[in-house]
Amino acid sequence: MDGHHVSVMLRETLEWLRPPAPDSLMVDATLGLAGHSAAFLERYPSLRLWGVDADAEVQAIARARLSPYGDRVRFANEYFDDFFGEFRKGGEKAGVVLFDFGLSMYHFRESRRGFSLQGDEQLDMRLDPGTGRPASALVNGMNERELAKLLEEYGEEPFAWRIAQAIVRERKGAPIESTGRLADIIRGAVPAAARHGRIHPATRSFQAFRIAVNDELGRIRRALDDAIESLAPGGVVGAISFHSLEDRIVKLAFRERAVRPERGRFKDAAVTPIPLGEVKRGLLVLTKKPLEPGEDEVSANPASRSAKFRVAKAAD
Ligand SMILES: C[S@@+](CC[C@H](N)C(=O)[O-])C[C@H]1O[C@@H](n2cnc3c(N)ncnc32)[C@H](O)[C@@H]1O
């Protein structure tokens, strides 16, 4: 263990994502600090791996960690939707695809890019600081309605309007450039009773800005589509989500391709007909309900408590 990030549901991923052939290719779409990848490479000695991560700093650490596996491993420093958009067009197929969404502990503890509520950092929140706009651009540039909508949609924040109002009022004095100032503004905006809960009152808002800055949900949707189309016969795809917005996208992506109709599927299909000419890859959904970490994992690693793991297998 590297002391930075404890891989979530490691035992379950190894058990449920068995490569269909000994020399299968695995795509770890969220390499992070390579905890899952290292465990798969150990468990399956002929497995080959693509390790994808948008964050170059994190990937440099993973590269060092995976150096003992030599040319069994290739690296792509890009967003996973961009990776799968290209991969899908190539000749290789993936026997195993793993997504473990969100951030690694490195981001919170060491990146100094404004993901954490501890300390005071630049409001950036980009996984790849070379792409897109920093969080400060949204915080200072969106109008009150846009801010409230963003906080409601991506943060499921009950006090979205109060927080949006406070941001707009406070930034008139000087732009909001640091996490400490944003967290203080949010703390001041929520009702007193919400200031002393189990989680920091700015947690949901920080999540919302991070999702928007990195287009996290759009990227998941696009990447899942292309990843499923890139599966080898008998290939498996698994996704670990940490909040309901992510999990819902995974659930729907699997469900719309499920070849064994679940109850209610025909009803869904009737309202969202598949366009003529577009034949989607059939899947066997192996987890009717998402798997969750056991009590022992949650007590050893509280960050795992909201994890939900879904798995599907190519039907042909
Ligand atoms: C939860 S961590 C993965 C931890 C890893 N499974 C392990 O065991 O060490 C998620 C990683 O995915 C990366 N990531 C998140 N969204 C991404 C995206 N859209 N494209 C590429 N990488 C992404 C983050 O930079 C982070 O390093």
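User: Which residues have the most contacts inside the largest nonpolar core?

Analyst: Start with the general idea. In soluble globular proteins, nonpolar side chains tend to be buried together. Now this case, which is a predicted model. The largest nonpolar core has 34 residues. Those with the most contacts inside it are Val 27, Phe 84, Val 97, Phe 99 and Phe 254. Helix H11 (residues 216-229) gives the largest share of this core, six residues.

User: What is Phe 254 in contact with, leaving aside its neighbours within four places in sequence?

Analyst: Its partners are Leu 224, Ile 228, Val 237, Leu 283, Val 285, Arg 310, Val 311 and Ala 312. There is also a second, separate core of 33 residues. Among its members are Tyr 79, Met 142, Ala 183 and Val 190.

User: How do I read the crossing of H9 and H10?

Analyst: Two packed helices are described by the angle between their axes and the distance between the axes. Here, the axes of H9 (residues 179-189) and H10 (residues 203-213) come within 10 Å and cross at roughly 130°. H9 is therefore oblique to H10. The crossing is right-handed.

User: Which residues of H9 and H10 meet?

Analyst: Thr 179, Leu 182, Ala 183 and Ile 186 in H9 meet Ser 205, Phe 206 and Phe 209 in H10. By class, this contact has five nonpolar, two polar and no charged residues.

User: Is Glu 12 buried or exposed?

Analyst: Buried means under 20% relative accessible area. Glu 12 has 11% relative accessibility, so it counts as buried. Glu 12 lies in helix H1 (residues 10-16). Leaving aside neighbours within four places in sequence, Glu 12 is in contact with Glu 292, Glu 297 and Phe 309.

Terms used. Residues numbered from 1 in each chain as written. Predicted model: local features only at pLDDT ≥ 70, side-chain atom pairs only at ≥ 80, totals over all residues. Heavy atoms only, no water. Axes fitted to C-alpha atoms, helices over the stretch in contact; angles between N-to-C directions. Helix = DSSP H or I, 4+ residues; strand = E, 2+ residues; numbered from the N terminus. Parallel < 35°, antiparallel > 145°, perpendicular 65-115°, else oblique. Left-handed = near helix turned anticlockwise from the far one by under 90°. Contact = heavy atoms within 4.5 Å. Nonpolar A, V, L, I, M, F, W, Y, C, P; charged D, E, K, R; others polar. Core = buried A, V, L, I, M, F, W, Y, C linked by side-chain atoms within 4.5 Å. Buried < 20%, exposed > 50% of the residue type's maximum accessible area, 1.4 Å probe, protein only.
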